Amino acid sequence: MKHPAIQLVILLFITFYSTAQTQKKSTMAKMPSVKIISAVDIEEEIDGQPARVSTVELILQPKEESQPHRHPGPVYGYILEGIYEFKVEGQPLRKLQSGDTFYEPLMALHEVGSNPSGNSITRVLAIVTHPRSAKNLVILEKPIEVAE
């Protein structure tokens with residue numbers, strides 16, 4: 001080609017795009033496994049809406065972590081196995097072990113949820129009380145965009 005600057009721009013774009021795709025796949029592959037065990041409609045209401053209680057099992061592989069997120073209702077959790085690093089906005093980071101429990105208020109930012117172990121899984125049982133109309137039990141926090 002006659003224009004080396006255009007070649008450089010194309011090469012940089014391809015490199016950037018490939019790196020972004022690899023990071024996206026890597027992030028997606030590291031997301032914890034979530035299994036819905038049950039969902040039961042209840043008489044209570046959440047924000048004036050008919051409610052449901054969903055019980056889920058969260059399985060984190062060694063060094064896995066969840067992205068910052070919120071839940072459409074309060075969450076009560078119980079550590080079934082392993083170690084779970086846990087932080088909700090306004091609270092200190094906690095390192096929980098089998099038998100420990102935690103609570104997340106309605107729509108609180110769950111900043112840290114990770115398995116710090118390099119060789120064993122972590123299993124968490126979570127009970128989420130939420131509006132029956134909720135489409136998702138996990139609402140990912142959008143990344144903050146930095147202006148250049």
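**Notes on the predicted model**

1. Thr122 belongs to strand β9, which covers residues 122-131.

2. What surrounds Thr122? Setting aside neighbours within four places in sequence, Thr122 is in contact with Leu58, Ile59, Leu60, Glu81, Gly82, Ile83, Tyr84 and Asn115. Asn115 also takes part in a polar contact, side chain to side chain, with Thr122 at 3.3 Å.

3. Strand β9 is part of an open sheet of five strands, ordered β1-β2-β9-β4-β7, with antiparallel pairing. At the edges are β1 (33-46) and β7, each of which pairs on one side only. From one strand to the next, the twist averages 20°.

4. How many bridges join β2 to β9? There are 10 bridges between strand β2 (residues 49-60) and β9, and the two strands run antiparallel. Within this part of the model, Ile59 is placed opposite Arg123 of β9.

5. The whole structure has three aromatic pairs. One of them is Tyr84 with Phe86, a tilted pair with 6.2 Å from centre to centre and 35° between the planes. Tyr84 and Phe86 are both buried.

6. Why is the pair of Tyr84 and Phe102 called tilted? The ring centres of Tyr84 and Phe102 are 5.8 Å apart and the planes stand at 35°, an angle that is neither under 30 degrees (stacked) nor over 60 (edge-to-face), so the pair counts as tilted. This pair links distant parts of the chain, with Tyr84 in strand β5 (residues 83-88) and Phe102 in strand β7 (residues 101-104), 18 residues apart. Tyr84 and Phe102 are both buried. Together, Tyr84, Phe86 and Phe102 make up one aromatic cluster.

7. Turning to charged side chains, the structure contains eight salt bridges. One of them joins Arg132 to Asp41, with 3.7 Å between the closest N and O atoms.

8. Are Arg132 and Asp41 buried, exposed or partly exposed? Arg132 has a relative accessible area of 32%, and is therefore partly exposed. For Asp41 the relative accessibility is 43%, so Asp41 counts as partly exposed too.

9. Glu141 and Arg70 form another salt bridge through their side chains, at 3.0 Å from N to O. This pair, too, links distant parts of the chain: Glu141 is in the segment after β10 and Arg70 in strand β3, 71 residues apart. The side chains of Arg70 and Glu141 are also listed as making a polar contact at 3.0 Å.

10. Arg70 is worth a separate look. Strand β3, where Arg70 is found, spans residues 69-70. With a relative accessible area of 19%, Arg70 falls under the 20% limit and so counts as buried. Glu141, by contrast, is partly exposed, with a relative accessible area of 31%. Not counting residues up to four places away in sequence, Arg70 touches Glu89, Met107, Ala108, Leu109, Leu137, Val138, Ile139 and Glu141.

11. A further salt bridge is the one between Glu85 and Lys95, where the closest N and O atoms are 3.9 Å apart. Glu85 is in strand β5 and Lys95 in strand β6 (residues 94-97), so the pair ties together parts that are 10 residues apart in sequence. Lys95 is exposed, its relative accessible area being 53%.

Conventions
Residues numbered from 1 in each chain as written. Predicted model: local features only at pLDDT ≥ 70, side-chain atom pairs only at ≥ 80, totals over all residues. Heavy atoms only, no water. Helix = DSSP H or I, 4+ residues; strand = E, 2+ residues; numbered from the N terminus. Polar contact = N/O pair within 3.5 Å; in protein donor to acceptor, adjacent residues only side chain to side chain. Contact = heavy atoms within 4.5 Å. Phe/Tyr/Trp six-rings, centres within 6.5 Å; stacked < 30°, edge-to-face > 60°. Buried < 20%, exposed > 50% of the residue type's maximum accessible area, 1.4 Å probe, protein only. Pairing = 2+ DSSP bridges. Axes fitted to C-alpha atoms, helices over the stretch in contact; angles between N-to-C directions. Salt bridge = Lys/Arg side-chain N within 4 Å of Asp/Glu carboxyl O.
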